[in-house]
Amino acid sequence: LKEEIDPGLLGQALEEVLPWFAGFKVKLKRGFFWYYFEENKRQPFVEQEGSWPCRYIDPVETGRFLFRVLYYGSRVHLETFHVLTDGTGAMQFLKAVCYRYCQLAHPDAFTPEQLATPYGTETAGEVQDGYLKHYVPAKSKTFREPGAYHLRGEHRIAGGLGVATALMPVDALKAECRRFGATVGEYLTA
């Protein structure tokens, strides 16, 4: 944003928006055969960014929520556990939190109609299960695939990020790309 984040207002915005996004107000429970979601009745909180991005979301640290709203300076970001939503749902949730934060920080910049409803929200009656709506049973196909390639080497420290670097002669790389009729980018991506 354009100004330093007020953590109190950001926390209030998160608390006010969360009921509109029922899929985020859950905790993960262990069942007899599988895990399942249950409503989380605790209050969420925001925290100042103080570590590396995309670190493990420890449910004990987050009040059993499977997401984190972090801030630093004028930046707000959201990290979610991968089972909660896809990128579009996460973006809608983050936009709603930021919009409500702006409403709380600068109420005079909004009309009464704009202040009445958080951005990008839907009522519980409008929430639907996309899997049930779009699932079409298909005939099972039987096919055999070769086994996956397994990388060998040292494991990273839990939660650590890293960059893999490879050096290779460019002429040999280009020759291999021509053999497959691919660009360097296509070949390396594949």
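Me: Which strands form the open sheet, and in what order?
Reply: In this predicted model, 3 strands form an open sheet, and their order is β3-β4-β5 with mixed pairing.

Me: And which ones are the edge strands?
Reply: The edge strands are β3, residues 46–48, and β5, residues 75–80, each of which pairs on one side only.

Me: How are neighbouring strands turned against each other?
Reply: On average, and with direction ignored, neighbouring strands of this sheet are turned by 30 degrees against each other.

Me: Parallel or antiparallel for β3 and β4?
Reply: The pairing of β3 with β4 is in the parallel sense and runs over 3 bridges; in β4, Y71 is the bridge partner of Q48.

Me: Switching to the rings, how many aromatic pairs does the structure hold?
Reply: There are 10 aromatic pairs in the structure. One of them joins F24 and F67, whose ring centres are 5.8 Å apart and whose planes stand at 80 degrees, so this pair is edge-to-face.

Me: Why does 80 degrees make it edge-to-face?
Reply: Because planes over 60 degrees apart count as edge-to-face, the 80 degrees between the rings of F24 and F67 puts the pair in that class.

Me: Where do F24 and F67 sit in the chain?
Reply: F24 lies in the loop between α1 (7–17) and β1 (26–30), whereas F67 lies in strand β4 (residues 67–72), so the pair links distant parts of the chain, 43 residues apart.

Me: Are those two buried or exposed?
Reply: F24 is buried, with a relative accessible area of 5%, and F67 also counts as buried, at 4% relative accessibility.

Me: What about F67 and F93, how is that pair arranged?
Reply: F67 and F93 form an edge-to-face aromatic pair, with 5.4 Å from centre to centre and 75 degrees between the planes. This pair, too, links distant parts of the chain, with F67 in strand β4 and F93 in helix α2 (residues 87–105), 26 residues apart. Both F67 and F93 are buried.

Me: Which residues form the aromatic cluster?
Reply: One aromatic cluster is formed by F21, F24, F65, F67 and F93.

Me: New topic: what is the volume of the second largest pocket, and which residues line it?
Reply: The second largest pocket has a volume of about 240 Å³, and its lining consists of K27, L28, K29, R30, Y35, Y56, I57, P59, R64, L66 and F81.

Key
Residues are numbered from 1 along each chain as its sequence is written. This is a predicted model: local features need pLDDT of at least 70, side-chain atom pairs count only at pLDDT 80 or more; totals for chains, interfaces and linings use all residues. Side-chain values use heavy atoms; hydrogens and water are left out. Rings of Phe, Tyr and Trp (its six-membered ring) pair if their centres lie within 6.5 Å; planes under 30 degrees apart count as stacked, over 60 as edge-to-face and the rest as tilted. Helices (H or I, at least four residues) and strands (E, at least two) are DSSP runs, numbered from the N terminus. Buried means under 20% relative accessible area, exposed over 50%, partly exposed in between (1.4 Å probe, protein chains only). On a 1 Å grid over the protein atoms alone, a cavity is a set of points where a 1.4 Å probe fits but cannot get out, and a pocket is an open set with protein on both sides within 12 Å along at least five of seven lines; lining residues have an atom within 4 Å of a point. Grid points are joined across faces, edges and corners, and a volume is the space filled by probe spheres set on the points. Two strands pair if DSSP finds at least two bridges between them. Axes are lines fitted to C-alpha atoms, for helices over the stretch in contact, and angles run from 0 to 180 degrees between N-to-C directions.
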